[in-house]
Amino acid sequence: MVVFDKPKALTDTVLHYCPGCTHGIIHRLVAEVMDELGIEGKTVGVAPVGCSVLAYNYFACDMVEAAHGRAPAVATGIKRSLPENVVFTYQGDGDLASIGMCETVHAAARGENITVIFINNAIYGMTGGQMAPTSLIGQVTQTSPYGRNAETQGYPIRVCEMLATLDGPAYLERVTVNNVKNVNKAKKAIKKAFQNQLDGKGFSLVEVLSSCPTNWGMTPQKALEWIDEKMIPQYPLGVYKDKEA
């Protein structure tokens with residue numbers, strides 16, 4: 001009896017991510033949701049610039065590569081042109097919360113009927129570990145070698161909390177994937193976000209707290225523990241907006 005199998009919505013391409021990176025887990029959850037909803041054939045994904053820039057190699061659905069930070073704008077154009085299709089973006093914190101913040105906020109404010117999967121690992125991963133908008137106070141990065149200082153570098157941006165002040169979004173939830181229980185919760189949130197789009201409810205964003213062992217300078221196991229110890233207190237898990245509820 002088969003108890004586990006690779007989702008059909010994932011290709012056979014070997015993932016390029018560092019050992020212990022949780023992008024692979026999140027990719028699998030997105031693909032499982034596509035399989036379960038039977039939407040792979042009508043789904044269009046939008047890849048970002050960042051660690052997941054090669055997402056178009058991993059998902060079996062149609063994929064479009066967006067310029068840095070512009071995935072929500074690209075997704076908006078695709079969805080308005082092809083309203084019967086399911087459109088999602090898959091973005092890191094540098095792409096979504098820095099250069100792409102404008103596109104994110106305005107797509108949410110307009111209530112665009114798209115799904116955004118937002119990966120928050122509190123650092124710029126692909127370019128070598130610089131401080132990101134989501135880096136924690138005191139966090140050491142390549143560009144904050146003495147730790148992030150609120151007086152000179154500001155405070156971390158809480159995307160779900162910020163977007164929850166807008167009238168446009170239909171659904172905002174923050175989850176993580178650092179243990180089995182949280183992986184299962186993350187899948188439910190991702191599935192709800194896609195189902196909302198199918199039901200025409202509008203803009204849905206799922207923020208996933210993710211690990212970056214390489215740039216955090218930790219073992220994969222310690223990185224998962226760091227999410228519990230450091231990230232969740234700064235970025236509490238939970239539903240921040242659900243118009244249905």
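**Terms and their grounds**

Reply: Leaving aside neighbours within four places in sequence, H23 is in contact with Y17, C51, S52, Y90, I119 and S210, where contact means heavy atoms within 4.5 Å. This is a predicted model, in which local features need pLDDT of at least 70, side-chain atom pairs count only at pLDDT 80 or more, and totals for chains, interfaces and linings use all residues. Residues are numbered from 1 along each chain as its sequence is written, and side-chain values use heavy atoms, with hydrogens and water left out.

Me: Is H23 buried or exposed, and what makes it so?

Reply: H23, which lies in helix 1, has a relative accessibility of 3% and therefore counts as buried. The cut-offs for relative accessible area are under 20% for buried, over 50% for exposed, and in between for partly exposed (1.4 Å probe, protein chains only).

Me: Why is E36 called partly exposed?

Reply: The relative accessibility of E36 is 43%, so E36 counts as partly exposed. E36 is also placed in helix 1, and it is in contact with K187 and K191 once neighbours within four places in sequence are left aside.

Me: What makes R80 exposed?

Reply: R80 has a relative accessible area of 57% and is therefore exposed. R80 is found in helix 2 and touches R110 and E112, not counting residues up to four places away in sequence. Between R80 and P19 there are 38 Å in space, C-alpha to C-alpha, and the two are 61 residues apart in sequence.

Me: How is the packing of two helices described?

Reply: Two packed helices are described by the angle between their axes and the distance between the axes. Axes are lines fitted to C-alpha atoms, for helices over the stretch in contact, and angles run from 0 to 180 degrees between N-to-C directions. Helix 1 (residues 23-37) and helix 7 (residues 180-198) have axes that come within 9 Å and cross at roughly 45 degrees.

Me: Why is helix 1 called oblique to helix 7?

Reply: The crossing angle of roughly 45 degrees makes helix 1 oblique to helix 7. Angles under 35 degrees count as roughly parallel, over 145 as roughly antiparallel, 65 to 115 as roughly perpendicular, and the rest as oblique. From helix 1, the contact involves I25, R28, L29, V30, E32, V33, E36 and L37, and from helix 7, V183, A186, K187, I190, K191, F194, Q195 and L198. By class, this contact has 10 nonpolar, 1 polar and 5 charged residues.

Me: At what angle do helix 2 and helix 4 pack, and which residues make the contact?

Reply: Helix 2 (residues 71-81) and helix 4 (residues 101-110) pack at about 35 degrees, with their axes 8 Å apart. P72, A73, T76 and R80 of helix 2 meet E103, T104, A107 and R110 of helix 4.

Me: How many helices and strands are there, and what makes the protein as compact as a globular protein of its length?

Reply: The protein has 9 helices and 7 strands, which are DSSP runs numbered from the N terminus (helices H or I, at least four residues; strands E, at least two). The radius of gyration is 17 Å, close to the 18 Å that the globule rule gives for 245 residues, so the protein is as compact as a globular protein of that length. This radius is taken over C-alpha atoms, and the rule is 2.2 Å times the number of residues to the power 0.38. Of the 245 residues, 53% count as buried.

Methods: Nonpolar A, V, L, I, M, F, W, Y, C, P; charged D, E, K, R; others polar.
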